[in-house]
Amino acid sequence: MKDTAKHQGLRNQLVQILAQKGIYDKNVLQAMSQIPRHLFLESGFEDFAYQDKAFPIGAGQTISQPYTVAFQTQLLQLKPDDKILEIGTGSGYQTAVLCKMGAKVFTIERQNELYRKTSVLLPKLGYRPRVMMFGDGYKGLPADAPFDGIIVTAGAPNIPQPLMAQLRIGGRLVIPVGEEKQIMTLLIRTSETHFEQHEFGDFRFVPMLEDKNK
Ligand code: SAH
């Protein structure tokens with residue numbers, strides 16, 4: 001499947017919609033205007049790739065809605081070369097946005113089928129995370145910590161302590177917290193022991209599951 005001028009046109013429209021919905025980070029909008037989201041969807045859904053909606057990606061999971069991807073990425077305030085840990089690789093679209101923005105990306109997925117599919121797709125499209133791991137994101141990646149930013153793309157019943165511990169001082173953790181629906185939460189680590197917490201309204205994610213990566 002190719003990336004055509006028509007796709008580019010649809011992407012430009014999508015990015016305009018995101019800007020109208022309040023996304024102001026030019027770097028996020030620019031990255032999203034360049035990434036062929038239709039190549040991250042299951043076949044049959046490509047035609048809908050540039051609608052601002054979530055879609056199934058197999059294994060009972062969904063690719064996050066573009067607005068949600070933009071919103072979470074904007075909260076990270078990432079700078080080129082930042083080390084970012086992503087929990088929930090899924091389709092790899094969010095991973096690609098982070099790579100495109102120049103981050104060093106470490107990403108974890110607990111569904112083997114998605115992990116395998118996405119570890120082939122991302123390099124094929126030219127996106128090269130530092131680490132793609134099959135495992136349980138509740139534990140984070142202690143060997144590569146500390147991170148400048150951590151982004152969780154599944155709904156977490158609580159904020160996993162290991163993720164807080166793996167944030168550098170000044171680092172930002174963006175995580176949707178809740179069961180039925182989630183409150184987008186930003187934690188900024190202000191010292192060894194202190195975290196500032198901000199909340200940004202309701203979102204809906206598939207659940208973050210623990211210790212079941214079989
Ligand atoms: N960023 C992805 C979001 C996919 S949905 C995208 O836009 O495509 C959330 C993903 O989190 C799913 O793929 C799910 O399998 C994964 N996930 C859920 N719990 C997890 C855990 N404990 N560790 C790692 N990944 C997890």
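A pocket is defined, on a 1 Å grid over the protein atoms alone, as an open set of points with protein on both sides within 12 Å along at least five of seven lines. A molecule sits in such a pocket if more than half of its atoms lie within 2 Å of its grid points. In the predicted model described here, the space taken by the ligand is the largest pocket. Local features were considered at pLDDT of at least 70 and side-chain atom pairs at pLDDT 80 or more, whereas totals for chains, interfaces and linings use all residues. Residues are numbered from 1 along each chain as its sequence is written, and side-chain values use heavy atoms, with hydrogens and water left out.

The ligand is surrounded by 26 residues, a residue being counted if one of its heavy atoms lies within 4 Å. Ser91, Glu109, Asp136, Gly137 and Leu209 are the closest. By class, this shell holds 10 nonpolar, 12 polar and four charged residues; Ala, Val, Leu, Ile, Met, Phe, Trp, Tyr, Cys and Pro count as nonpolar, Asp, Glu, Lys and Arg as charged, and the others, Gly among them, as polar.

A polar side-chain atom of aspartate 136 lies 3.0 Å from a ligand nitrogen. The protein covers 99% of the 570 Å² of accessible area that the ligand has on its own, as computed by the Shrake-Rupley method with a 1.4 Å probe. Strands β2 (61–63), β3 (83–87) and β4 (104–109) each give two or more residues to the shell, and β2 provides the largest share, three residues. Strands are DSSP runs of E with at least two residues, and helices are runs of H or I with at least four, numbered from the N terminus.

Serine 91 lies in the loop between β3 and α4. At 8% relative accessibility, serine 91 is buried (under 20%; exposed is over 50%, partly exposed in between; 1.4 Å probe, protein chains only). A polar atom of the serine 91 side chain lies 3.2 Å from the backbone nitrogen of tyrosine 93. Tyr93 is among the buried residues of α4, a helix spanning residues 93–100 in which seven of eight residues are buried. Just after α4, glycine 102 takes a positive phi of about 90°.

Conventions. A polar contact is a pair of N or O atoms within 3.5 Å; within protein, one must be able to donate a hydrogen and the other to accept it, and residues adjacent in sequence count only if both atoms are side-chain atoms. On a 1 Å grid over the protein atoms alone, a cavity is a set of points where a 1.4 Å probe fits but cannot get out, and a pocket is an open set with protein on both sides within 12 Å along at least five of seven lines; lining residues have an atom within 4 Å of a point.
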